[in-house]
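I set out to record, entry by entry, what I looked up in one structure. The notes are meant for a reader who has not seen it before.

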Amino acid sequence: MKILSFVFCIAFVVASCNNEQPTSISEVKPAEKYDLAKDTSVYSGEMKRFWLVHLMKGPIRNQDSVSRVKIQAAHIANIVRLAKEGKIIMAGPIGVESELQGIFLMNCKDSTEVESIVKTDTAVITGRLIMKYYPWWCEKGKYIFK
């Protein structure tokens, strides 16, 4: 077994040595400097305010399994409705177990609108989730959210 492992190691070293790579720094082409100001496809010079909503674990999480499924279905239906209305740009769960359960990126005129919209979510109404929101600024044209 030791001989077989040794043979595989030698074969790996030989194969690695056969790769043709530049032998000096002068043979490596330098990366071109990116100039955002000249890139008219993404630069507008104007900022747009969105709202980042953190959906945190709420104080009431003792619903039975049937109720949890119903709350989740209503939560998703509300997200879909708000996305169709153009109020939610992106939404999704957080992939690790933590107090932070998910996020919304919202297109609203002010914090009052954010609060009134998020309070229509069944998961917030029932206390499974609570929200914290923050203004988030992004350059117009820099990112395209659909």
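Predicted model: local features only at pLDDT ≥ 70, side-chain atom pairs only at ≥ 80, totals over all residues.

**Entry 1**

**Entry 1. Aromatic pairs**

I searched the whole structure for aromatic pairs and found 2. F50 and W136 form a tilted pair, with 6.0 Å from centre to centre and 45° between the planes. I then asked where the partners lie: F50 is in strand β1 (residues 47-57) and W136 in strand β4 (residues 129-139), so this pair ties together parts 86 residues apart in sequence. F50 is buried, at a relative accessible area of 9%, whereas W136 is partly exposed, at 31%.

The other pair is W51 with Y133, and I recorded its geometry as edge-to-face, with 6.1 Å between centres and 70° between the planes. W51 lies in strand β1 and Y133 in strand β4, so parts 82 residues apart in sequence are tied together by this pair. W51 counts as buried at 5% relative accessibility, and Y133 counts as partly exposed at 25%.

I also looked at what sits over the ring of F50. K48 lies over its face, 4.9 Å from the ring centre.

Is F104 buried or exposed? F104 counts as buried, at 3% relative accessibility. I located F104 in strand β3 (residues 100-106). From C-alpha to C-alpha, F104 and H54 are 6.8 Å apart in space, although 50 residues separate them in sequence. Setting aside residues up to four places away in sequence, F104 touches a list of residues that includes W51, V53, L55, H75, I79, M90 and V118.

I next examined the largest nonpolar core, which has 17 residues. The members that touch the most other members are V53, L55, F104, M106, V114 and V118. At least two residues of this core come from each of β1, α2 (65-84), β3, α3 (111-118), α4 (122-125) and β4. As background, I note that nonpolar side chains in soluble globular proteins tend to be buried together.

For V118 I listed the contacts beyond four places in sequence: V53, L55, F104, M106, V124 and M131.

**Entry 2. N78**

I found N78 in helix α2, where N78 counts as buried at 7% relative accessibility. Its side chain makes a polar contact with the side chain of T120, at 3.4 Å. Beyond four places in sequence, N78 touches I117, T120 and D121.

**Entry 3. Salt bridges**

How many salt bridges are there? I counted 4, and I describe some of them here.

The side chains of K57 and E97 meet at 2.6 Å, N to O, in a salt bridge. K57 lies in strand β1 and E97 in the loop between β2 (88-93) and β3, so the bridge ties together parts 40 residues apart in sequence. K57 counts as partly exposed at 22% relative accessibility, while E97 is exposed at 67%.

R81 and E85 also meet through their side chains in a salt bridge, at 3.0 Å, N to O. R81 is partly exposed, at 35%, and E85 counts as partly exposed, at 47%.

K87 and E113 form a salt bridge of 2.7 Å, N to O. K87 lies in the loop between α2 and β2 and E113 in helix α3, so parts 26 residues apart in sequence are tied together. K87 counts as partly exposed at 22%, whereas E113 is buried at 15%.

Methods
Residues numbered from 1 in each chain as written. Heavy atoms only, no water. Phe/Tyr/Trp six-rings, centres within 6.5 Å; stacked < 30°, edge-to-face > 60°. Helix = DSSP H or I, 4+ residues; strand = E, 2+ residues; numbered from the N terminus. Buried < 20%, exposed > 50% of the residue type's maximum accessible area, 1.4 Å probe, protein only. Lys NZ or Arg CZ within 6 Å of the ring centre and 35° of its normal. Contact = heavy atoms within 4.5 Å. Core = buried A, V, L, I, M, F, W, Y, C linked by side-chain atoms within 4.5 Å. Polar contact = N/O pair within 3.5 Å; in protein donor to acceptor, adjacent residues only side chain to side chain.
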